[in-house]
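Open the model in your viewer and keep the sequence panel beside it. The tour goes from one selection to the next and says what is found at each stop.

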Amino acid sequence: MDETANPLLAVWDTPFGLPPFDSIEARHYEPAFTAGMAAHDEEIEAITGNAEPATFANTIEALETAGRMLTRAARVFYNLTGSHTNPDLQAVEREMAPRFSNHGTKIALNPDLYRRVADLWSRRDSLGLDDEQMRVLERTYTSFVRSGANLDEAGKARIAEINARLATLGTQFAQNVLAEEQAFRLVLKGEADLAGLPDFVRQAARRAGADLGLGEDEHVITLARSSIEPFLQFSARRDLREQAFLAWSKRGERQRARQSRHCGGDDCAQGRACAHPGLQDVCRLPAR
């Protein structure tokens, strides 16, 4: 694919710099990710190949700002797969999961990069850093250590294998859970099933039924919060509420299981790309 024709790699001349969703297709993501990873690799090589001694600016700041092309494309992709996915996007997600993992692990286990970070950490008290810089340095160093930077070669190979496998299984699990959630449909037929529901709930359920091609008198409750929560609040049918609540409760348990795959850092908590080298396979987002 011609990279110049890929909207994910072009300058976004849109209001507020928003992604041009009307121009982005599933086929654009893999080439954008490939180009982004290549650019990221070059940026990392520029850091490790710098003949000057490590400084906060030429190592930590440079690492923080590296990978922007990849992160921009990934943020678009994972926002869509998390809110408006489809089979084509899911196929890309399955293909890219181990590649993102390998890319992040390669950076986290880069010995030359870790050597520069560790050198700065060992000299941290003499660098004249302010509190914010010291915190960033601490997080960066700790992330490398926890990602396996101190392991021997056999250990590094093993952790890379585990990370890639976890990324693949995590993606598969999330997609399986989503498929099960989407399969739940509580079909309401007749006034007895609709008892207690206010007009806005009935109208929404009717639209959901129409979208699924059901009959005019058939209403549908899904596991979307805007659908199931009002139903649980207002429905006069205890048996139907119990049925819906059971499905809703199971969904919540699966959501917590998915959330446990995140590293728990500030970036993950706010839905941003993970800032922890080597944990992208857990968070499914590449490092910044």
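Select Tyr29, Phe33, Phe77, Tyr78 and Phe100: ring pairs link these residues into a cluster. Rings of Phe, Tyr and Trp (its six-membered ring) pair if their centres lie within 6.5 Å; planes under 30 degrees apart count as stacked, over 60 as edge-to-face and the rest as tilted. The model is predicted: local features need pLDDT of at least 70, side-chain atom pairs count only at pLDDT 80 or more, and totals for chains, interfaces and linings use all residues. Residues are numbered from 1 along each chain as its sequence is written, and side-chain values use heavy atoms, with hydrogens and water left out.

**The ring cluster**

A search of the whole structure finds 10 aromatic pairs. Start with tyrosine 29 and phenylalanine 33, whose ring centres are 6.0 Å apart with planes at 35 degrees, so this pair is tilted. Tyrosine 29 and phenylalanine 33 are four residues apart in helix H1, which separates them by about one helical turn. Helices (H or I, at least four residues) and strands (E, at least two) are DSSP runs, numbered from the N terminus.

Are these two residues buried or exposed? Tyrosine 29 is buried, with a relative accessible area of 1%, and phenylalanine 33 is buried too, at 0%. Buried means under 20% relative accessible area, exposed over 50%, and partly exposed in between (1.4 Å probe, protein chains only).

The ring centres of phenylalanine 33 and phenylalanine 100 lie 4.9 Å apart and their planes are at 65 degrees, so the pair is edge-to-face. This pair links distant parts of the chain, with phenylalanine 33 in helix H1 and phenylalanine 100 in helix H4, 67 residues apart. Phenylalanine 100 is buried, with a relative accessible area of 4%.

A salt bridge is a side-chain nitrogen of Lys or Arg within 4 Å of a carboxyl oxygen of Asp or Glu. Glutamate 30 is partly exposed at 26% relative accessibility, and arginine 99 is partly exposed at 27%. The structure holds 13 salt bridges.

**The two strands**

Next, select strands S1 and S2, which run antiparallel and are joined by four bridges. Two strands pair if DSSP finds at least two bridges between them.

Pick valine 187 in strand S1. Valine 187 is partly exposed at 32% relative accessibility. Leaving aside residues up to four places away in sequence, valine 187 touches Asp193, Leu214, Glu218, His219 and Val220; contact means heavy atoms within 4.5 Å.

Then select lysine 189 and glutamate 218, a salt bridge whose closest N and O atoms are 3.5 Å apart. Lysine 189 lies in S1 (residues 186-189) and glutamate 218 in S2 (residues 218-221), so the pair ties together parts that are 29 residues apart in sequence.

**A salt-bridge network**

Select Asp193, Arg237 and Asp239, which are linked in a network of salt bridges. Within it, the side chains of arginine 237 and aspartate 239 meet at 2.7 Å, N to O. Arginine 237 is partly exposed, with a relative accessible area of 24%, and aspartate 239 is partly exposed at 39%.

**Charges over rings**

Move to arginine 72, whose charged end sits over the ring of tryptophan 12, 3.9 Å from its centre. A charge sits over a ring if NZ of Lys or CZ of Arg is within 6 Å of the ring centre and within 35 degrees of the ring normal. Arginine 124 lies over the face of tryptophan 121, at 3.9 Å from the ring centre.

**The whole chain**

To finish, show everything. The protein has 13 helices and two strands, and buried residues make up 43% of its 288 residues.
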